[in-house]
Amino acid sequence: MTTIRQRRVGKGTEAAEDQPSEETNVKPDGKMLSGPTGGKLWNILSITVGGIVAISLGLLTSVYVATLHENDLWFSNIKEVEREISFRTECGLYYSYYKQMIQAASIQQGLHGLVYDNKTESVRTINILERMNVYQEVFLSILYRILPIQQYLEPVYFYIYTLFGLQAVYVIALYVTSWLLSGTWLSGLLAACWYITNRVDTTRVEFTIPLRENWALPFFAVQIAAITYLLRTHLQPVQERLTLMAVFIATFLFSLTWQFNQFMMLIQALALFILDCLDMLPTAKVTWLYIIQISGLLLVCVLQFFNSMILGSLLISFNVSVLIARTVQKNLKKGGLLNRLGKLILHVLLVLWLTLLINKFIKKILNLESDEHIFKFLKAKFGFGATRDFDANLYLCEEAFGLLPLNTFSRLSSTLLFYAYGFVLFLLTVTAVIVAFRNLSGSNQVQLKEKMEEYTVTLKPDAAYSLVHTVLFGCLALSTMRMKYLWTSHMCVFASFGLCSTEVWKLILKCLHLYTSQRTQVIKYSVPIITLLYISFKFWPGIMDELSELREFYDPDTVELMNWIKSNTPNTAVFAGSMQLLAGVKLCTGRTLTNHPHYEDKNLRERTKQIYQIYAKRSPGDVYGILRSFGTDYVILEDSICYERRHSRGCRLRDLLDVANGHIMDGLGENEPDLKPSLYPRFCEEIKKNLPSYTMHFTRVFQNKTFHVYKLAKHK
């Protein structure tokens, strides 16, 4: 089991330019504060300073997480096998393909090995580039081979420094988004500081480096920044085209680097759909964004050898349905309130019906079942019937897929982030409801102009999009803890935008009958500055302490296992065991696996369930037959799974297997009435007794405090 222990000493563009506020350059009596030349120089100076601050904060964040990673593991001092073991579970699997490409005789041979891979799943040849999102590893390995850096930088450092460098891109994108929304780079500074001080809840890059989300989320943030700029008014045609290109590139890179991209972009498409229906976004720009999502995903589909899971995604079906429904209902945005509501309800029902119809048709044609486990999980999670499905329960029992813990909010509140977020969210939500009602009621232009002053902030399309985006991703985070990183990073942007927005403070002061231009400007700058000072004084000492705390990687049992495998088994040996451990076996030893953690394939899920019978109540003959059917030479049993105590009864892996097999679970507690006692004891426990019925099939060849390795007999 991997642990971290205390290190032992002695071991070897300015937003105000496009959306000017009336207070910025005009005195209360209507006279200009400065001439055109002075205003341009001030804008250039502001943009220059803001840009320097953005880049500096991005680089500081990158150095910060890199230092934390080094301090936690003493990465520069540990052996290569220990470095590789530190890439836990699926992280190790992804990194193994980078290592494979680096070690290949040529780039062509490396690519051929990925396209025709027979070591990731035994007795089966699969296309890694089709199945997994590993183009980033391919690109990085090619870059490492062609750049003259091999003598100065090890491959592993080139890899992790790239990921830490992407954190700089991430922070800069968040900074720019907040800047664009508020009109001042002070907002971006506050967003970046909140991102850093809430690191526990905004990123996990320092200990899960190769995880797909760490590649993808920076590009998602860039896409959101580009969309924010696109939704501004009075853009020139050239600006609009360039921004659309930036949105497309960011969308494509986001889709290419993460298998769950389609679900995140579906939520984004829902946000666009809601705002378009409520007349809060320009329809033409929304249409372009739908098309960009579809085209970006289809391009990824081509690069992934026409991956059927992409073609059968709900996102493509939904976007196509919206475009078709809009063509059918041409007068959707005309008429009075009741007329509009009736059309809107019909439009929503038509889109939902078309989405389900198109998606079902595509999946029927392609015989697609790769993502069925996700829908089974969602069905059980939200209470639409209990399930005994092994795959769905495997997700349901993982803490990462549970509800967001309440202590998250206490941590976010300690930095004032959650308080500021709640304040801005409440204000903008109430105002958005009022504006949406007015839009649907068909108010004429005269009435609109009369009320424009009061509701300026929610009439801005970029602010409206940011509001719905944070609400929808907030719902996702509340329901699934693993997805909180999509919400908390945007929470930093949204809260800082609200505190630094002229329009927000103007609206509040007008409601309190206290509005003056000067008072608005004072509050707009004083509140974020006070917040920044509070954050600095409270959290700077803690950050310094964190950076000075030194630990080291410590997992002697796994290191011993990997070294034994490399020294005592042939290169062609096939290993069975838990998904998480086998990813490390592939990375550290290069041996062939029976199963692995990349779970988006029905055949692999069935195979994994069969392999996991080593932890169920099955006869030695049954288990031997299952393992040999997948060409297994060695099986690794882990005490941490066989005698698991991390999960409660009903969620231990052995319990999930018992229920799926129709057997009564171990221990005190209730069982469902139709479950029956097994005829056999638990395999992982009984095999250690060296009974003849087990030794005729399995011979123990290695053991330590954590692992037991058995070699399978090869009967004729």
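## Terms and basis

Buried means under 20% relative accessible area, exposed means over 50%, and partly exposed lies in between (1.4 Å probe, protein chains only). The model is predicted: local features need pLDDT of at least 70, side-chain atom pairs count only at pLDDT 80 or more, and totals for chains, interfaces and linings use all residues. Residues are numbered from 1 along each chain as its sequence is written, and side-chain values use heavy atoms, with hydrogens and water left out.

## A nonpolar patch

Phe-375 counts as partly exposed because its relative accessibility is 32%. Phe-375 belongs to helix 18, residues 372-381. Helices (H or I, at least four residues) and strands (E, at least two) are DSSP runs, numbered from the N terminus.

Together with Leu-378, Phe-382 and Phe-384, Phe-375 makes a nonpolar surface patch of about 400 Å². Patches are made of residues with over 30% relative accessible area and no salt bridge; like charges are joined within 9 Å, nonpolar side chains (Val, Leu, Ile, Met, Phe, Trp, Tyr) within 5 Å. The areas come from the Shrake-Rupley method with a 1.4 Å probe; for residues, only the protein chains shown count as cover.

Gly-402 sits in the loop between helix 19 (390-396) and helix 20 (407-414). Its relative accessibility is 18%, so Gly-402 counts as buried.

Leaving aside residues up to four places away in sequence, Gly-402 touches Lys-381, Ser-479, Thr-480 and Met-481. Contact here means heavy atoms within 4.5 Å. Gly-402 and Thr-480 are 78 residues apart in sequence, but their C-alpha atoms are 5.2 Å apart in space.

Asp-555 lies in the loop between strand 2 (551-554) and helix 28 (556-568). Asp-555 is buried and has no salt bridge. A salt bridge is a side-chain nitrogen of Lys or Arg within 4 Å of a carboxyl oxygen of Asp or Glu. The nearest side chain of opposite charge, Arg-88, is 7.7 Å away. Lys and Arg count as positive, Asp and Glu as negative; His and the chain ends are not counted.

The side chain of Asp-555 does have a polar contact of 2.8 Å with that of Thr-558. A polar contact is a pair of N or O atoms within 3.5 Å; within protein, one must be able to donate a hydrogen and the other to accept it, and residues adjacent in sequence count only if both atoms are side-chain atoms.

## Positive phi

Phe-305 is not a glycine, yet has a positive phi of about 55°. Most residues other than glycine have a negative phi. Phe-305 is in the loop between helix 14 (283-303) and helix 15 (308-311). Phe-305 counts as partly exposed because its relative accessibility is 40%.
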